[in-house]
Amino acid sequence: MAGKYIMALDAGTTSNRCILFDHAGKICSVSQREFSQFYPKAGWVEHDPYEIFNVMIGVAREAMMKLGATASDIAGIGITNQRETTIVWDRTNNQPVYNAIVWQCRRTSEYCSMLEKQGWEEKIREKTGLKLDAYFSATKIHWILENVEGAREKAEKGDLLFGTVETWLIWKLTGGKAHVTDYSNASRTMLYNIYDLDWDQELLDLFNIPRSMMPEVHNCSEVYAYTAPEYLGGQIPIAGAAGDQQSALFGQQCFAPGSVKNTYGTGGFLLMNTGDKPMPSSHGLVTTIAWGVDGKITYALEGSVMIAGAVIQWLRDELHLIDSAVDTEYLASKVKDTNGCYLVPAFVGLGAPYWNPYARGVFIGLSRGVNKSHMVRAALESMAFQANDVLQAMTADSGIALKELRVDGGASANNILVQTQADLSDITVIRPACVETTAMGAAYLAGLAVGYWKDREDLIVSTRGSSAAGEEKEEGNGDSSGTEERFVPRIDEEVRSSRLKHWQKAVKCAQYWTEI
Ligand code: ADP
């Protein structure tokens, strides 16, 4: 095995990180730096592609320096990235023609509404598995070609290239040698046909995007190209790439169909491995590619919750009920329940499975005895209730009764939240010892490609111990190494169904509020 470490480059929305992992999946070095956010108009969000690249090189060098590692110590690089964010650059001079348009940016919402009125929603869902929305890359590329002076002509001449952030980073790191993406990122563009596994000509025509702009789509785990020596002091294979949520699913080792992970970050992202067949959703989820390895595609169902950990920030920054997020556990532990109150944090509408932009937040069921601890507990529980709504949609779409949920993200450190999830969803919740699963996924994908781990079994045994190795074969029969924590349901059915019923009533109150 050449190289002591695998390098994960995690290109996030607000910061870039580099983590060096060893063969046991242990973090050996981390470096992280934030980069600028630009808000040129209300609802618009941009990044500077150069800054993204320069910050990434900076953190990679720093993480290596902390260990005294050189390029030959790095067996391979895996990249994971904020998904959908769109960069268009000129291949003749490597210059982006516009800032990166970030996934959060709503500038193309009206264009999407127009396409919806023209009846494209169903067709787009049938081809890409996605909801017609400004979130995905297609309408962002269209915007750049329509609005940046000279862009359309250059694109028609074949001079412009499109990429999501991993494509841009690979292009830059290799000195322009590879214009590639991976299946998981391709599936978030709203231009990729997840059934034919090709850029969809009808959609390229609809958005008026020349095919010559599109990157080649590759496996998530293979050597794409080598870094140009000037960046990290040598030629290192870039050997893995996946969008952040798919990477976390891989990092959680959700290799078996039916396995699910939830990331409790600012928002909540649930993904379920659905195996080798795309599973259309009729319950408000999107169908997406989890990863492609050795040309074999694994699909996923995905549901996003708009406000998860952000509800805790709201308690801290707007209500001043707490000083820091960790206080919530102590405060909530002072009471045994929420004393009948429910918080639906629909601050920006509701995401999956409701998709209601008109919903707004409600705190309901308040009585004279409700105190700060009850309210904090209700806020924590709101994360679990929302995740449960998505889990129920996944069960309804897939017909698979879920047994386990693997969790990660900042708020998964909270024991009350994780126990509540187990109780409400009647499911065993597993929290891994290391919750850096997004970076781990990219590291695993790259490590498998370069033989740092021989195969998935070697990976599982190396990182979780031999007793965990049977899990992939025997679906959902996790017998963990003991380094992860398990939370099992502790409430009876009557209590559970009463709480779920009240939550549903609260959600009803939140729906369509701004439409009245
Ligand atoms: P992101 O990647 O979206 O920035 P993180 O995974 O870093 O998010 O998680 C940060 C979120 O988790 C914040 O919204 C914060 O309020 C919440 N959070 C962090 N620690 C806790 C905790 N102990 N209990 C509840 N929420 C927490």
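Helices here are DSSP runs of H or I with at least four residues, strands are runs of E with at least two, and both are numbered from the N terminus. The model is predicted: local features need pLDDT of at least 70, side-chain atom pairs count only at pLDDT 80 or more, and totals for chains, interfaces and linings use all residues. Residues are numbered from 1 along each chain as its sequence is written, and side-chain values use heavy atoms, with hydrogens and water left out.

Which atoms approach the ligand? A polar side-chain atom of Thr266 lies 2.6 Å from a ligand oxygen. A side-chain N or O atom of Asn414 is 3.1 Å from a ligand nitrogen. For Thr328, a side-chain N or O atom is 3.5 Å from a nitrogen of the ligand. Taken alone the ligand exposes 580 Å², and the protein buries 67% of that. These areas come from the Shrake-Rupley method with a 1.4 Å probe; for residues, only the protein chains shown count as cover.

Next, strand β17 (residues 268–275). Eight of its eight residues are buried, so the strand is largely enclosed by the rest of the structure. Buried means under 20% relative accessible area, exposed means over 50%, and partly exposed lies in between (1.4 Å probe, protein chains only). Both faces of β17 are covered. Gly268, Leu270, Met272 and Thr274 are buried on one side, and Phe269, Leu271, Asn273 and Gly275 on the other.

What does β17 pair with? Strand β16 (residues 260–264) runs antiparallel to β17 and is joined to it by five bridges. Pairing requires at least two DSSP bridges between the strands. A hairpin of three residues links β16 to β17, and Asn262 stands opposite Leu270. Strand β19 (residues 296–305) also pairs with β17 in the antiparallel sense, over seven bridges. There, Ser304 is the bridge partner of Phe269.

Now the helices. Helix α6 (residues 165–173) is mostly covered, with nine of its nine residues buried. Among them are Glu166 and Lys172, along with Trp168 and Trp171. Gly175 follows α6 and has a positive phi, near 65 degrees.

Trp143 sits in helix α4 (residues 137–147). Trp143 is buried because its relative accessible area is 15%. Leaving aside neighbours within four places in sequence, Trp143 is in contact with Trp44, Tyr98, Ile101, Arg107, Thr108 and Val148. Contact means heavy atoms within 4.5 Å.

Ser373 belongs to helix α13 (residues 372–398). At 5% relative accessibility, Ser373 counts as buried. Its side chain reaches the backbone oxygen of Leu331 at 3.1 Å. Not counting residues up to four places away in sequence, Ser373 touches Leu331, Ala332, Lys334 and Val335.

Arg464 lies in helix α16 (residues 456–464). Is this arginine buried or exposed? Arg464 is buried, with a relative accessible area of 10%. Its side chain makes a polar contact with the side chain of Gln253 at 2.9 Å. A polar contact is a pair of N or O atoms within 3.5 Å; within protein, one must be able to donate a hydrogen and the other to accept it, and residues adjacent in sequence count only if both atoms are side-chain atoms.

Lys501, in helix α17 (residues 493–510), counts as exposed at 59% relative accessibility.

Last, the backbone in the loops. A cis peptide bond joins Ala352 and Pro353, with omega about 0 degrees. Pro353 is in the loop between β20 (342–344) and β21 (362–364). Glu84, a residue other than glycine, has a positive phi near 70 degrees. Glu84 is in the loop between β5 (74–81) and β6 (87–90) and is buried, at 1% relative accessible area. Asp426 also has a positive phi, near 50 degrees. Asp426 lies in the loop between α14 (415–425) and β23 (428–431) and is partly exposed, at 41%.
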